[in-house]
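Hi everyone, thanks for making time this morning. Let me put the structure up, and then we can walk through a few of its features together.

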Amino acid sequence: RHAGADALATDKRGLTPIELAVMNARFDLVALFETLDDRPLSPAVSAIRDALSPGHIIPDEKPEIDPKYGWALELAASRNDADGIKALIAMGLDPNSLEPFNGAPALHSACFNGHLSAARALLDGGASLETQDRMYKGFPLGWLCVGSRMMANTPGDFVGVAKLLIERGHRYKSADNPDAESFGDGAREDVQEYLRSIGAIF
């Protein structure tokens, strides 16, 4: 601030540094920004901060939420923050909104990282199994299969998430559903084993 930097300047996505700090749950940085700039946070950003804080506070009056704040839900999913997801959805964020930058719904992020608690919270909150991301036109199970290989060294529960998706009705190619999309090719071995066990064709 003293060097002329503006804590409320926006990047190409229309997000300010303090908004990014809020959505990444970096409340230490939020506090720092607030000491450097006495301009109040917008009602939407204040509400998101409270929803992602340890107490997961939901405001009595829901603020108007700009679609750009879909980042908050996607980032909560990537951290497996189920309580944060529940609070954000209760506050009015659409669980099927596409993250503005990469065009993926929050459920895709949860699946890619093998985050079972986040995936369940999103599905319970109304996330659709039919929503595709903007860039690859992929479904949640497809993102899980790719993530299971790319994130193989992380503690994600990819088989658990795959089971959850199937239990909730995710379609997959099989003898009974030959026209459905094929999933499993390129997935980690344990995910492939599970998919074969339910008759998936890939």
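Cys145 is buried, with a relative accessible area of 3%; buried here means under 20%, exposed means over 50%, and partly exposed is in between, using a 1.4 Å probe and protein chains only. Please keep in mind that this is a predicted model, where local features need pLDDT of at least 70, side-chain atom pairs count only at pLDDT 80 or more, and totals for chains, interfaces and linings use all residues. Residues are numbered from 1 along each chain as its sequence is written, and side-chain values use heavy atoms, with hydrogens and water left out.

For Cys111, the nearest cysteine sulfur belongs to Cys145 and is 9.6 Å away. Cys111 is buried too, at 0% relative accessible area.

Cys145 also takes us to the largest pocket. Its centre has Tyr136, Gly142, Trp143, Cys145 and Val146 as the closest of 17 lining residues. About 280 Å³ of space lies in this pocket. For the term itself: on a 1 Å grid over the protein atoms alone, a pocket is an open set of points where a 1.4 Å probe fits, with protein on both sides within 12 Å along at least five of seven lines, and lining residues have an atom within 4 Å of a point. The volume is the space filled by probe spheres set on the points, which are joined across faces, edges and corners.

Which helix gives the most to that lining? Helix H8, residues 140-150, with five residues; helices are DSSP runs of H or I, at least four residues, numbered from the N terminus. The lining divides into nine nonpolar, five polar and three charged residues, with Cys, Trp, Tyr and Val among the nonpolar types, Gly among the polar, and Asp, Glu, Lys and Arg as charged.

Now, salt bridges. There are five in the whole structure, each a side-chain nitrogen of Lys or Arg within 4 Å of a carboxyl oxygen of Asp or Glu. Helix H8 comes back here: Arg149 in H8 pairs with Glu189 in helix H10, 40 residues apart, at 3.5 Å from N to O. Arg149 is partly exposed at 39%. Another bridge joins Arg168 and Asp124, with N and O 2.9 Å apart. Here Asp124 is exposed at 54%, while Arg168 is partly exposed at 37%.

Terms used: Helices (H or I, at least four residues) and strands (E, at least two) are DSSP runs, numbered from the N terminus. A disulfide is a pair of cysteine sulfur atoms within 2.5 Å.
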